[in-house]
Amino acid sequence: MRNKIRSVRKAKNMTLIDVAKQCNPPTTAQTIGRLETGMRTLSLDWLNRIADALSVDSADLVQLPDQKSLPLMAIFGINGAYAPKKEEIVMMLSPSEDMIAMRMQDSIGDYRYGDELWLEKITPDQSQSALNMDILVPRPDGRFLFGRLIGREDDKIQILPLGAGARQQVIQNPKWIAKVKNLIRNFA
């Protein structure tokens, strides 16, 4: 059985030491690392202890045959949306081929720190289906624009970035648009 301890731990921005200290009773970072990599057998007891330490269900830590992943395309921070520094994935049960993910590192509008957004990529021609929805649009140099789609005119879309006092942005011929489909909130 493959486990997803590492991906869940990283998604929660926790180190091996953090997880080891949160275990009841506490353990070592080396033990958690060995359990993550399969160097040590992951018993049901260990699975439950680590799940409690990560504040998730035990089932969230095992790789099931029908689970798929989404590429984490963007992270939203105080300076807007940007590409992650390294390739990351988000696990979900049945993503479509056109799904991507974004993680919130700051709170803005209806979104809180730690929220994961699952977005569906659509073509600019399909942008009418995303009118008055929150969208992510690629910009040059690994940047993105995240906000509410407020209009479309010919090959231009108008986006109102989230936050007080934000000014409308107009993007011409975006490669794609991704509209928010799911909000995953961690209540830990």
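Author: Start with what a helix is here: a DSSP run of H or I with at least four residues, numbered from the N terminus. By that rule, helix H2 covers 16-22 and helix H3 covers 29-37, and Pro-25 lies in the loop between them. The model is a predicted one.

Reader: What makes the bond between Asn-24 and Pro-25 a cis peptide bond?

Author: Its omega is about 0°. Most peptide bonds are trans.

Reader: How many helices and strands does the protein chain have, and how do they run?

Author: There are four helices and 10 strands. From the N terminus the order is α-α-α-α-β-β-β-β-β-β-β-β-β-β. The C-alpha atoms fill a box of roughly 60 × 35 × 25 Å along the principal axes.

Reader: Why is Ser-55 called partly exposed?

Author: Its relative accessible area is 46%. Buried means under 20% and exposed means over 50%. The value of 46% falls in between, so Ser-55 is partly exposed. Ser-55 sits in the loop between helix H4 (44-54) and strand S1 (68-77).

Reader: And what makes Asp-154 count as exposed?

Author: Asp-154 has 67% relative accessibility. The cut-off for exposed is over 50%, so Asp-154 passes. Its place is the loop between S7 and strand S8 (156-161).

Reader: What is noted about phi in Ser-55 and in Asp-154?

Author: Phi is near 60° in Ser-55, a positive value in a residue other than glycine. In Asp-154 phi is near 55°, again positive in a residue other than glycine. Most residues other than glycine have a negative phi.

Reader: What makes strand S4 mostly covered?

Author: S4 spans residues 99-104, and six of its six residues are buried. Met-99, Ala-101 and Arg-103 point one way, while Ile-100, Met-102 and Met-104 point the other way. Both sets are buried.

Reader: How do you know that S4 and strand S5 pair?

Author: Pairing takes at least two bridges found by DSSP. S4 and S5 (residues 116-122) have five, so they count as paired. The sense is antiparallel. The bridge partner of Arg-103 in S5 is Glu-116.

Reader: How many aromatic pairs are there?

Author: Ring centres must lie within 6.5 Å. By this rule the count is three.

Reader: Why is the pair of Phe-144 and Trp-176 called tilted?

Author: The ring centres are 6.2 Å apart, so the pair meets the limit of 6.5 Å. The planes stand at 45°. Under 30 degrees would be stacked and over 60 edge-to-face, so this pair is tilted.

Reader: What does the pair of Phe-144 and Trp-176 tie together?

Author: Phe-144 lies in strand S7 (residues 143-153), and Trp-176 in the loop between strand S9 (169-172) and strand S10 (177-184). The pair therefore ties together parts that are 32 residues apart in sequence. Phe-144 and Trp-176 are both buried. Elsewhere, ring pairs link Phe-76, Tyr-111 and Phe-146 into a cluster.

Reader: How do you know that Lys-121 lies over the face of Trp-176?

Author: Lys-121 is at 4.5 Å from the ring centre. The limit is 6 Å, with the charge also within 35 degrees of the ring normal. Arg-49 likewise lies over the face of Trp-46, at 4.0 Å from the ring centre.

Reader: How much of the protein chain counts as buried?

Author: Of its 188 residues, 41% count as buried.

Terms used:
Residues numbered from 1 in each chain as written. Predicted model: local features only at pLDDT ≥ 70, side-chain atom pairs only at ≥ 80, totals over all residues. Heavy atoms only, no water. Buried < 20%, exposed > 50% of the residue type's maximum accessible area, 1.4 Å probe, protein only. Helix = DSSP H or I, 4+ residues; strand = E, 2+ residues; numbered from the N terminus. Phe/Tyr/Trp six-rings, centres within 6.5 Å; stacked < 30°, edge-to-face > 60°.
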